[in-house]
Amino acid sequence: MAKKGRDVSKQNGGHRSSGLVISLLGVIFLGFMATQWHDRQRVTKVNVVGATGLSRIAVQRSVDTLKSKYLKAFTLADVRACVESTPYVRNASVYFTGIREVTVEVEERLPVAHVVRADGSLRYVDAFGVVLPNAVERTAHNVPVLQSTDGVELSAQDVQHIVEVLVAGSRTLHPMLYQAISEVRLDRRSQAVTIVTDDTTWRLGVMNAARASLAFADMNVFWRETSQRLDMTTVSQVDLRWHNQVVLRYHAVAPLAERAA
């Protein structure tokens, strides 16, 4: 009797194994059919999210070719690589938002400054010091101008150095102070940085991002506690080269005879 019981158990086990295999084959077959059906669908709509006038036209041109294509004719990774080859695109995400709909989400390289080129033209620079080409669409960004004190075109290394100081300012300075910055000048020989604002100039000296953050923190304190009591139009220079110290230099006062004339 014990032997017969074991035989019955083996038979039941065999039936269960056969049923499991059949189920797995069924799942694989359905998956294969679903994939075949999906690959035969055509793209009917492409959504572009996050693109402004800086990259909109270029991105749209690169993804318009997807319309009416079979899904099996491209990969999302290839589309992402194509979109990220656009100069004003830093990162892109590409994904399906429907059976026949593709969405392209763009993170742009936003300009933080202009840089003066050798021919006198201005080009945008992003927060990583990358000099960008002219945008296809007309755009308006209120950003400072980067240039050398001697008028020579800044090297890529110089641009990156100044941008690091400028980004430290955007993170540290009060927004009203940061928005007042119109130019950032670099003495290529000494590597000293000077900031030009609407009213005066700030002398920073040789700076990196960490030291610039400290200097800008001092400027915040000065502006909040002292400058409101001063006529800043009489100040020619704000010297921020020393930590916890802000030194002011005033415009020279003309002699009385000269002023009377």
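**Note on helix packing and nonpolar cores**

1. In this predicted model, helices α2 and α3 meet through V59, S62 and V63 on the α2 side and V79, C82 and V83 on the α3 side. Classified by residue type, this contact comprises five nonpolar residues, one polar residue and no charged ones.

2. The geometry of the pair is as follows. The axis of α2 (residues 56-64) comes within 9 Å of that of α3 (residues 76-84), and the two cross at roughly 150 degrees. Angles over 145 degrees count as roughly antiparallel, and α2 and α3 are therefore roughly antiparallel to each other. Their crossing is right-handed.

3. The largest nonpolar core has 33 residues, of which L146, L173, V184, W202, L204, F216 and M219 touch the most other members. Two or more residues each are supplied by the helices α4 (156-172), α5 (175-179) and α6 (209-225), and by the strands β4 (111-116), β7 (181-186), β8 (192-197), β9 (201-206) and β10 (235-239). The largest share, seven residues, is that of α4.

4. What does W202 contact, once its neighbours within four places in sequence are left aside? The partners of W202 are L173, L177, I181, V193, T194, I195, T197, F216, M219, V238 and L240. Among these partners, L173, F216 and M219 are also listed with W202 as residues that touch the most other members of the largest core.

How values were computed
Residues numbered from 1 in each chain as written. Predicted model: local features only at pLDDT ≥ 70, side-chain atom pairs only at ≥ 80, totals over all residues. Heavy atoms only, no water. Core = buried A, V, L, I, M, F, W, Y, C linked by side-chain atoms within 4.5 Å. Buried < 20%, exposed > 50% of the residue type's maximum accessible area, 1.4 Å probe, protein only. Helix = DSSP H or I, 4+ residues; strand = E, 2+ residues; numbered from the N terminus. Contact = heavy atoms within 4.5 Å. Axes fitted to C-alpha atoms, helices over the stretch in contact; angles between N-to-C directions. Parallel < 35°, antiparallel > 145°, perpendicular 65-115°, else oblique. Left-handed = near helix turned anticlockwise from the far one by under 90°. Nonpolar A, V, L, I, M, F, W, Y, C, P; charged D, E, K, R; others polar.
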